[in-house]
Amino acid sequence: MGPSLSDVWEVGIIAPIGKERLGYPTQKPEALLERIIKASSNEGDVVLDPFCGCGTAVAVAQRHLRRWIGIDITHLAITLIKHRLQDRFEGQAKYEVIGEPVSLPDAETLARDDPYQFQWWALGLVGARPTDQKKGSDKGIDGRLYFHDETKGKTKQVILSVKAGGTGVAHVRDLRGVIERESAEIGALLTMQEPTQPMRTEAASAGFYTSPFTQERFSRVQLLTVAELLEGRGLSYPMSQGRSNVTFRRASREKRREGTQATLEPN
């Protein structure tokens, strides 16, 4: 039968460059959550993680055919989990997100109640990740999106600025300055309000970024409203409809299995 298990679980840490690591500071090894979930539930049971972070318990529950509910206080965590499920299960994981804005009034309420959560939510709509700067010291950068558009795999970036309140042409000029300072290829301003004509003129004067891979041109400064994002419009950057977005570390793919219905809830 073998030796009895001790009360100490020998579960190794996630290697700093391991395939499992997603860059979330409190990420737990899947082996640990797998042992807990398999020991305490059966297929079809519901697993609840009320502080789900980057979604390790969610991903393990999905893999072992448990239903699950994941809750987290930040829209950043919800965005990361959605990317993890998409990459891991190739779009086969079925779930419903409860608590995210689905309309312009919802977005206005979030912007009024918690501007930082609004900022993280808006960045998630375009596949970008918030900067690691502390509040009030973002240096004009609210988020970044990284992409590849060369055969040699050189990583390039889109700089994001999010404005929940009033905007003007000065914000577009500031973004142009940040693009130059950061040597970014593209910059985007995400706003609640419709851009004015002077703002659009200033953005157009920034010119274009040309992809060396396809020779396609993309506006160097882009203006997008929250209403447009909710309608499904996104950033325009090289191969944006493909898999060139490398902002989030991809979770390793799972062998295709029938998934179970589940929910994600921003608290």
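## Packing of α3 and α5

Helix α3 (residues 75–89) packs against helix α5 (residues 115–125) at an angle of about 20 degrees, and their axes are 8 Å apart. Axes here are lines fitted to C-alpha atoms, for helices over the stretch in contact, with angles running from 0 to 180 degrees between N-to-C directions. Helices (H or I, at least four residues) and strands (E, at least two) are DSSP runs numbered from the N terminus. The angle makes α3 roughly parallel to α5; angles under 35 degrees count as roughly parallel, over 145 as roughly antiparallel, 65 to 115 as roughly perpendicular and the rest as oblique. The crossing of α3 past α5 is right-handed, a crossing being right-handed if the near helix is turned clockwise from the far one by less than a right angle, and left-handed if anticlockwise.

On the α3 side the contact (heavy atoms within 4.5 Å) is made by His 75, Leu 76 and Thr 79, and on the α5 side by Gln 117, Trp 120, Trp 121 and Gly 124. By class, three of these residues are nonpolar, four are polar and none is charged. In this classification Ala, Val, Leu, Ile, Met, Phe, Trp, Tyr, Cys and Pro count as nonpolar, Asp, Glu, Lys and Arg as charged, and the others, Gly among them, as polar.

## Basis of the model

The model is predicted: local features need pLDDT of at least 70, side-chain atom pairs count only at pLDDT 80 or more, and totals for chains, interfaces and linings use all residues. Residues are numbered from 1 along each chain as its sequence is written, and side-chain values use heavy atoms, with hydrogens and water left out.

Gln 117 is in helix α5. Gln 117 is buried, with a relative accessible area of 10%; buried means under 20% relative accessible area, exposed over 50%, and partly exposed in between (1.4 Å probe, protein chains only). Leaving aside neighbours within four places in sequence, Gln 117 is in contact with Ile 73, Thr 74, His 75 and Leu 110. Gln 117 and Leu 76 are 41 residues apart in sequence, and their C-alpha atoms are 8.0 Å apart in space. The buried residues of α5 are Gln 117, Phe 118, Gln 119, Trp 121, Ala 122 and Leu 123. After α5 comes Gly 127, with a positive phi near 80 degrees.

The largest nonpolar core has 25 residues, of which Phe 118, Leu 145, Val 158, Leu 160, Leu 190 and Leu 235 touch the most other members. Such a core is a set of buried Ala, Val, Leu, Ile, Met, Phe, Trp, Tyr and Cys residues joined through side-chain atoms within 4.5 Å. Two or more core residues come from each of α4 (104–113), α5, β5 (143–148), β6 (155–163), β7 (186–191) and α8 (226–230). α5 gives the largest share, four residues.

## Packing of α6 and α7

Helix α6 (residues 169–182) and helix α7 (residues 197–204) pack at about 15 degrees, with axes 8 Å apart. The two helices are therefore roughly parallel to each other, and their crossing is right-handed. Val 169, Val 172, Arg 173 and Arg 176 of α6 meet Pro 198, Met 199, Glu 202 and Ala 203 of α7. The contact of α6 with α7 has five nonpolar, no polar and three charged residues.

Ser 161 is found in strand β6 and counts as buried at 7% relative accessibility. Beyond four places in sequence, Ser 161 is in contact with Gly 140, Asp 142, Leu 175, Ala 188, Leu 189 and Leu 190.

Glu 30 lies in helix α1 (residues 30–40) and is buried, with a relative accessible area of 7%. Not counting residues up to four places away in sequence, Glu 30 touches Glu 20, Thr 56, Val 60, Arg 63, Arg 84 and Arg 88.

## Positive phi in loops

Leu 65, a residue other than glycine, has a positive phi near 60 degrees. Leu 65 is in the loop between α2 (56–63) and β2 (67–72) and counts as buried at 17% relative accessibility.

Gln 215, also not a glycine, has a positive phi of about 65 degrees. Gln 215 lies in the loop between β8 (208–210) and β9 (217–219) and is exposed, with a relative accessible area of 54%.

## The chain overall

The chain has eight helices and 11 strands. Of its 267 residues, 45% are buried. Among contacts between residues at least 6 apart in sequence, 63% join residues at least 24 apart.
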